[in-house]
Structures are given as C-alpha cells and as structure tokens.
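Thanks, everyone. I'll keep this short. Please have the structure open as I talk.

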Amino acid sequence: MTTEAAPPPGSTGTSPASPGPTAEEFGTVQQSAEFAELRRSYRSFAFPLTVAFIAWYLLYVLLSNYAGGFMGTKLFGNINVALVLGLAQFATTFLIAWLYSRHAAAKLDPKAAAIKARMEAGE
C-alpha cells in the first residue's frame, strides 16, 4: 500500500545533510540546568495531580465496596451517590487533561522548543 501524499513543505524528500545531534550532545542537554527546569516543571504538575487522582479513584472504589449504604443513598429520583461520584470520575479526568494541556502550552512547550532549537542549531 502506498500513499500519494506530498512531502512536507520545505522538505526535498531526501535525508538531511547532517545526521543530527549525537548521543553526547543529548547527554549534555540532559545535564543542563534548562533541561532540569523543564523536568522539574513537568514533575511538579504531573506527580501531585496523578497522586490526587489515584487517591480519588481509590476512595470511590473503597466506598463502592465497603459503604454500600452510603453509596446507595438516593439524592433525587433514581440518582444516588454512587452514580454522582462515578460521573464525577469522568469529569475529573477531563478536567485534569484540560489543566495539563494549558500547563504544557504555557510552561513546558516554550522551554522544550527552546532546547530543541538550540540542539538543532548545534549550540
């Protein structure tokens, strides 16, 4: 199966003249303060939210298993606590994805682009 797609703009369809960064250059960048700041910025956002979401999920599971009476409490009509908390799991997932997207666009992507540009320039 072949495609008829044209190469990306600015591409000649051949391999680049230079082979790209070496392993030593990647190692140097990885040891740089700028890369450490990028990694710290990612971890300071991702790790706490991951721990909080896992705790929230486990709370839901534990309540479902051991607090059946509470989870079966009707709030209105046929809607009970378990259904509301279950739907809140979905809402929380989308909220975290949206927050991460905003964080990445504002804090991570500019730093990563600067590091990439410097590597591609051979600095």
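Let me start with a term. A salt bridge here is a side-chain nitrogen of Lys or Arg within 4 Å of a carboxyl oxygen of Asp or Glu. By that criterion, the structure holds 4 of them. One caution before I go on: this is a predicted model. I'll come back to the bridges in a moment.

First, the layout. The protein chain has 4 helices and 2 strands. Going along the sequence, the order is α-α-α-β-β-α. There are 123 residues in the protein chain, and 14% of them count as buried. Now the contacts. Take those in the protein chain with a separation of 6 or more: 62% are between residues 24 or more positions apart.

Next, the helix pair I want you to look at. Helix α2 covers residues 33–66, and helix α4 covers residues 81–121. Their axes come within 10 Å and cross at roughly 175°. How do we class that angle? Angles over 145 degrees count as roughly antiparallel, so α2 is roughly antiparallel to α4. What sits in the contact of α2 with α4? By class, 20 nonpolar, 6 polar and 5 charged residues.

Let's take the charged side. Some background: side chains of opposite charge can pair when their charged atoms come close. Start with R118 and E34. Their side chains meet in a salt bridge, at 1.9 Å from N to O. R118 is in helix α4 and E34 is in helix α2, so this pair ties together parts that are 84 residues apart in sequence.

Now to E37. The closest N and O atoms of K111 and E37 are 3.2 Å apart. That pair links distant parts of the chain, with K111 in helix α4 and E37 in helix α2, 74 residues apart. R40 and E37 meet through their side chains at 2.8 Å, N to O. Both lie in helix α2, 3 residues apart, which is about one turn of the helix.

On to the nonpolar side. Which residues make up the largest nonpolar core? There are 6: V29, L38, A104, L108, I115 and M119. Helix α4 gives the most to this core, with 4 residues. Click on L108. Setting aside neighbours within four places in sequence, L108 is in contact with L38, S41, Y42, Y100 and H103. There is also a second, separate core of 5 residues, which includes M71, V81, A82 and L85.

Is H103 buried or exposed? The cut-off for buried is under 20% relative accessible area. H103 has 13%, so it is buried. What does H103 touch, beyond its neighbours within four places in sequence? S41, F45 and L108. Look at S41 in particular. H103 and S41 are 62 residues apart in sequence, yet their C-alpha atoms are 9.3 Å apart in space.

To recap. Helices α2 and α4 run roughly antiparallel. The largest nonpolar core includes L38 and L108.

Methods
Residues numbered from 1 in each chain as written. Predicted model: local features only at pLDDT ≥ 70, side-chain atom pairs only at ≥ 80, totals over all residues. Heavy atoms only, no water. Axes fitted to C-alpha atoms, helices over the stretch in contact; angles between N-to-C directions. Parallel < 35°, antiparallel > 145°, perpendicular 65-115°, else oblique. Nonpolar A, V, L, I, M, F, W, Y, C, P; charged D, E, K, R; others polar. Buried < 20%, exposed > 50% of the residue type's maximum accessible area, 1.4 Å probe, protein only. Contact = heavy atoms within 4.5 Å. Core = buried A, V, L, I, M, F, W, Y, C linked by side-chain atoms within 4.5 Å.
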